[in-house]
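My entries follow in the order in which I looked things up.

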Amino acid sequence: MKHSEFWLRMDQHLGDTYARSWASSQVVGELDGKTVDEALAGGQSPKVVWRAVHAALRLPPSER
């Protein structure tokens, strides 16, 4: 997954403004206690980060 696809999915589920805010402020346990922004900046793949976001938001399996 490319970063652009990751952000498109975030925008679809949270809205383009809230997605950025959520990514910078919400600590996600599956990302070792990092925010989405911290995980991506630290080199974590967008696919791994999306799976963690998917779980944190409790999205339906079809959205994976």
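**Entry 1: H1 and H4.** I looked up the packing of H1 against H4 first, and found an angle of about 15° with the axes 9 Å apart. That makes H1 roughly parallel to H4, where angles under 35 degrees count as roughly parallel, over 145 as roughly antiparallel, 65 to 115 as roughly perpendicular and the rest as oblique. For my own reference, axes are lines fitted to C-alpha atoms, for helices over the stretch in contact, and angles run from 0 to 180 degrees between N-to-C directions. Helices (H or I, at least four residues) and strands (E, at least two) are DSSP runs, numbered from the N terminus. I noted the crossing of H1 and H4 as left-handed; a crossing is left-handed if the near helix is turned anticlockwise from the far one by less than a right angle, and right-handed if clockwise.

On the H1 side I listed His3, Phe6, Arg9, Met10, His13 and Leu14, which meet Pro46, Val49, Trp50, Val53 and Leu57 in H4, contact meaning heavy atoms within 4.5 Å. The residues of this contact of H1 with H4 divide into 8 nonpolar, 2 polar and 1 charged. In that tally Ala, Val, Leu, Ile, Met, Phe, Trp, Tyr, Cys and Pro count as nonpolar, Asp, Glu, Lys and Arg as charged, and the others, Gly among them, as polar.

**Entry 2: what I am reading from.** This is a predicted model, in which local features need pLDDT of at least 70 and side-chain atom pairs count only at pLDDT 80 or more, while totals for chains, interfaces and linings use all residues. Residues are numbered from 1 along each chain as its sequence is written, and side-chain values use heavy atoms, with hydrogens and water left out.

**Entry 3: H1 and H2.** At what angle do H1 and H2 pack? I found about 110° between helix H1 (residues 3–14) and helix H2 (residues 16–25), with their axes 7 Å apart. That makes H1 roughly perpendicular to H2, and H1 passes H2 in a right-handed crossing. Trp7, Met10, Asp11 and Leu14 make the contact from H1, while H2 contributes Asp16, Tyr18, Ala19, Arg20, Trp22 and Ala23. I noted that the residues of the contact of H1 with H2 divide into 7 nonpolar, no polar and 3 charged.

**Entry 4: H4 itself.** Helix H4 (residues 46–57) has 12 residues and reaches 16 Å from its first C-alpha to its last, close to the 16 Å expected at 1.5 Å a residue; the expected span is 1.5 Å times one less than the number of residues. Its buried residues are Pro46, Val49, Trp50, Ala52, Val53 and His54, where buried means under 20% relative accessible area, exposed over 50% and partly exposed in between (1.4 Å probe, protein chains only). I checked what these buried residues of H4 pack against, and found H1, H2, strand E1 (27–28) and helix H3 (36–41).

**Entry 5: positive phi.** Arg58, in the segment after H4, has phi near 55°, a positive value in a residue other than glycine. Arg58 is exposed, with a relative accessible area of 75%. In the loop between E1 and strand E2 (34–35) I found Asp32, whose phi is near 60°, again a positive value in a residue other than glycine. Asp32 counts as exposed because its relative accessibility is 69%.

**Entry 6: Thr35.** Is Thr35 buried or exposed? Thr35, in strand E2, is buried, with a relative accessible area of 6%. Leaving aside its neighbours within four places in sequence, I found Thr35 in contact with Ala23, Ser24, Ser25, Gln26 and Val27.

Entry 7: Ala41 has its place in helix H3 and counts as exposed at 70% relative accessibility. From Ala41 to Met10 I noted 31 residues in sequence and 16 Å in space, C-alpha to C-alpha. In the loop between H3 and H4 I looked up Gly43, which counts as exposed at 60% relative accessibility. Gly43 and Arg58 are 15 residues apart in sequence and 24 Å apart in space, C-alpha to C-alpha. Ser45, also placed in the loop between H3 and H4, is partly exposed, with a relative accessible area of 30%. I found Ser45 and Lys2 to be 43 residues apart in sequence and 8.5 Å apart in space, C-alpha to C-alpha.
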